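Here is a short briefing on one chain. Have the sequence and the model open while reading.

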Amino acid sequence: MRKSHRFALVCVCLCSVVAAFGPASASTSSRQSHVATFSAWEHRFTGPDRLPAGHTTVRLHNRGKEPHQLQLLKLEDGKSPADLAVALNSDGVALPSWAKHMGGPNGVDAGGVSEATLYLEPGSYVIICSVPGKQHKSHAALGMQKAMRVMDTSPAPAEFQGNFHMAMFEYEFVVVQPLRKGRHTFYVINRGTQIHQASFVRLNPGASAEDVLTALHQDKPGRLPGTLIGGMSGLEPGREGTFTAELTPGRYAIMCLFSTDRSESHAAKGMVMNFTVQ
């Protein structure tokens with residue numbers, strides 16, 4: 001696996017890359033976001049059925065015994081949550097193109113909390129968990145789906161701010177500041193041409209990103225050689241958002257676990273960034 005570890009440390013590069021990323025700022029956002037809290041179990045979600053359009057902070061509490069994440073999917077007009085359920089039950093891996101990836105709080109281990117802030121347009125949504133389960137079926141294919149409606153309101157324009165900036169490409173992550181200890185807000189944008197996501201993993205001593213990938217793709221997934229601490233679930237090209245992560249001293253990997261085909265994830269193609277927090 002090719003390991004991507006790219007930091008822009010020169011001021012000229014920093015300014016140019018931040019400008020290319022968009023409106024994010026190093027200051028704390030003053031924009032008020034609606035907060036929607038969901039809980040994940042095996043294999044179901046509980047939480048609100050309706051949300052207002054606009055900036056929304058989606059908070060996921062993993063109350064189950066397995067890792068879980070929350071992926072927001074916006075359905076194109078004419079498609080229903082029942083249509084998505086049929087597609088997932090008949091396939092179990094690939095999602096139809098009419099289900100658009102809008103982001104969400106990425107995977108955390110049992111007892112953990114993950115949070116992401118997104119801009120949600122009105123429409124019909126389904127939230128799913130894409131974490132692999134038994135026999136290579138995702139938790140979504142095992143029934144972890146919840147229909148939701150985003151109501152047509154008059155939201156403010158999209159604007160995101162964070163103290164770290166991340167861009168996703170094929171097949172690498174670019175973070176323009178050295179990562180350091182503490183709780184941080186990451187502004188992330190998908191600058192690629194495919195759907196991408198960012199899974200943060202705190203690695204166990206002696207473990208590697210390759211070990212995590214191997215564990216995730218076992219027929220009977222067991223304990224990972226690391227701890228999932230959140231990130232951003234799948235974003236369509238051009239979409240953006242923020243997520244929070246608590247970084248304590250240790251070794252980490254940021255991985256894109258999305259797969260555009262049935263063979264391997266983007267991480268297996270080299271979309272991994274390794275770093276150490278002192």
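Two strands count as paired if DSSP finds at least two bridges between them. Strands themselves are DSSP runs of at least two residues, numbered from the N terminus. The model is predicted. Within it, Val-201 stands opposite Leu-228 in strand E14. The points below cover a sheet, the nonpolar cores and the salt bridges.

**Sheet and helix**

- Four strands form an open sheet in the order E14-E13-E16-E17, and the pairing is antiparallel.
- Strand E14 (226-235) and strand E17 (272-277) are the edge strands; each has a single partner strand, so one side of each has no neighbour in the sheet.
- From one strand to the next, the twist averages 15 degrees.
- Strand E13 (residues 196-203) runs antiparallel to E14, and six bridges join the two.
- Helix H3 (residues 209-216) lies across E13, strand E16 (250-255) and E17. The helix runs at about 55 degrees to E16.

**Nonpolar cores**

- The largest nonpolar core has 47 residues. Leu-72, Met-166 and Phe-200 touch the most other members.
- Leaving out residues up to four places away in sequence, the contacts of Leu-72 include Val-58, Leu-118, Leu-120, Ile-127 and Met-148. Lys-100 and His-101 are also among the residues that Leu-72 touches.
- Another core, of 13 residues, lies apart from the largest one. Its members include Ala-209, Val-212, Leu-216 and Ala-253.

**Salt bridges**

- The count comes to four salt bridges, with a side-chain nitrogen of Lys or Arg within 4 Å of a carboxyl oxygen of Asp or Glu as the rule.
- Lys-146 sits in strand E9 (residues 145-151), while Asp-49 is in the loop between strand E2 (44-46) and strand E3 (50-52). The two are 97 residues apart. Lys-146 has a relative accessible area of 12%, so it is buried.
- Glu-76 is in the loop between strand E5 (71-75) and helix H2 (81-91), and Lys-100 is in strand E6 (residues 99-101), 24 residues apart. Glu-76 is partly exposed at 38% relative accessible area. Lys-100 is partly exposed at 30%.
- Glu-121 lies in the loop between strand E7 (113-120) and strand E8 (123-128), and Arg-239 in the loop between E14 and strand E15 (240-247), so the pair ties together parts 118 residues apart in sequence. Glu-121 counts as partly exposed, at 27% relative accessibility.

Notes. Residues numbered from 1 in each chain as written. Predicted model: local features only at pLDDT ≥ 70, side-chain atom pairs only at ≥ 80, totals over all residues. Heavy atoms only, no water. Axes fitted to C-alpha atoms, helices over the stretch in contact; angles between N-to-C directions. Contact = heavy atoms within 4.5 Å. Core = buried A, V, L, I, M, F, W, Y, C linked by side-chain atoms within 4.5 Å. Buried < 20%, exposed > 50% of the residue type's maximum accessible area, 1.4 Å probe, protein only.
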